[in-house]
Amino acid sequence: MSGAMIIGAGQGIGQAVARRFAREGYPIALVARRDETLRAAARAVESSGVPALTLAADCADEDALRAALDRAVAEFGLPDVVVYNAAIVQADAPGELTARAHLEAWAVNVVGAHTAAAHLAPEMARRGSGTILVTGGMPEPKWQYTSLSLGKAGVRTLVRILDQRYGAAGVHAASVTVDGPVAPGTDFDPDDIAEHYWRLHGQPRHRWEHEALHTGRPAPTGVLAGLLDAWQRAFDRHRPAEVASLFSPDALFQGIGPSPRRGTAEIAAYYGDVPEGTTARADVLGEVRLSERLVSGFAEVAFTAPTGEVSRVRLSIVAENHEDAWLIRQYHAAAL
């Protein structure tokens, strides 16, 4: 085991991937532009007790990047896995950036990945093994992010080229495409995304994938799953009226508290008293179709307070179809 090299070791995906490989005992080489970023990245892996090397380099500076790669190889040997996570993420529409600004974005988003791969892949091929993973995104181009869309399309093509050139010699090239804004505690939690990198690196050759797509939670299926997904999103944003709109006008409601509620106005008042910053994660345990217009079932919800304290409840729910829209007719929560 020679270790893992993380290029673009900033807060978010870069540091989450570093932690994931460090947890498996891999020595970690960390590359970033700023010293403060490198110090934070080193702290992120120190609890694993693995050797860590920090290297300052701008990925758009070919000489500096190659020098950093050489130092990492001299310290830990040819890496088992290289992760290129550097990118310039900016909002820009067609025509807003100058040609120079587009070239600067391309230099980081694509050319830096090519430089790193071209520098290390030939030796990996001679060894007969190695993994090169590039952080992708934008599974569909968006005009509001023109330079990033162009860059991520370039990343996807670069991975295919690397596979054509080095795949037969044992070098696994792949991208991890993230279809959403990365933030802890969301469907795009960096620790969840980091699992894709570990899984791709561990794939046997006959099962290699060349792109992993992270889209967050799968779309809800079933009446209650759809209702609770909408309920959760409105709850997390602290929008009491929006939460109440998911209930029928005369719904019966029993939350965690002594007093039952009835109707959307009382339900909105209940959710208005929930401390802002509280979040919920709901999982449907099962549902039964009672008739064409009624569905009943159970769910469990984990509520996380702004202090970090977690409380869990069991929900009993009846949903009713009102003019082709499903609404919660009865809601009863019991603490677990």
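This is a predicted model: local features need pLDDT of at least 70, side-chain atom pairs count only at pLDDT 80 or more; totals for chains, interfaces and linings use all residues.
Figure 1. Helices (H or I, at least four residues) and strands (E, at least two) are DSSP runs, numbered from the N terminus. Arg 314 is likewise partly exposed, at 31% relative accessible area. Residues are numbered from 1 along each chain as its sequence is written. Local features need pLDDT of at least 70 and side-chain atom pairs count only at pLDDT 80 or more, whereas totals for chains, interfaces and linings use all residues; side-chain values use heavy atoms, without hydrogens or water.

Figure 2. The structure holds 14 salt bridges. One of them joins Arg 19 to Asp 191, whose closest N and O atoms are 2.7 Å apart. Because Arg 19 lies in helix H1 and Asp 191 in helix H6 (residues 190-201), this pair ties together parts that are 172 residues apart in sequence. Both partners are partly exposed: Arg 19 has a relative accessibility of 27% and Asp 191 a relative accessible area of 37%. The side chain of Arg 20 meets that of Glu 24 in a salt bridge of 2.6 Å, N to O. Arg 20 counts as buried, at 9% relative accessibility, whereas Glu 24 is partly exposed, at 35%. A network of salt bridges links Arg 20, Arg 23, Glu 24 and Glu 195.

**Figure 3. The largest nonpolar core and the surroundings of Ile 132.** This core has 34 residues, of which Met 5, Ile 7, Leu 69, Tyr 84, Ile 132 and Leu 162 touch the most other members (buried Ala, Val, Leu, Ile, Met, Phe, Trp, Tyr and Cys, joined through side-chain atoms within 4.5 Å). Helix H4 (residues 99-127) gives the most to the core, with eight residues. Apart from this core lies another, of 31 residues, including Val 243, Ile 267, Tyr 271 and Ala 333. Beyond residues up to four places away in sequence, Ile 132 touches (heavy atoms within 4.5 Å) Val 82, Ala 117, Ala 121, Met 124, Leu 162, Val 171, His 172, Ala 173 and Ala 174.

**Figure 4. The largest pocket.** The largest pocket holds about 950 Å³ of space. Its lining comprises 34 residues, and those closest to the centre are Asn 85, Ala 86, Ala 87, Ile 88 and Val 89. Helix H1 (13-23), strand E5 (130-137) and helix H5 (146-166) each give two or more residues to this lining. The greatest contribution is that of E5, with three residues. A pocket is an open set of points on a 1 Å grid over the protein atoms alone where a 1.4 Å probe fits, with protein on both sides within 12 Å along at least five of seven lines; lining residues have an atom within 4 Å of a point. Points are joined across faces, edges and corners, and a volume is the space filled by probe spheres set on them.

**Figure 5. The second largest pocket.** The volume of the second largest pocket is about 510 Å³. Among its 19 lining residues, Gly 185, Thr 186, Asp 187, Gln 232 and Asp 236 are the closest to the centre. Helix H7 (223-236), strand E10 (279-289) and strand E11 (294-304) each give two or more residues to the lining. H7 gives the most, with four residues.

Terms used
Buried means under 20% relative accessible area, exposed over 50%, partly exposed in between (1.4 Å probe, protein chains only). A salt bridge is a side-chain nitrogen of Lys or Arg within 4 Å of a carboxyl oxygen of Asp or Glu.
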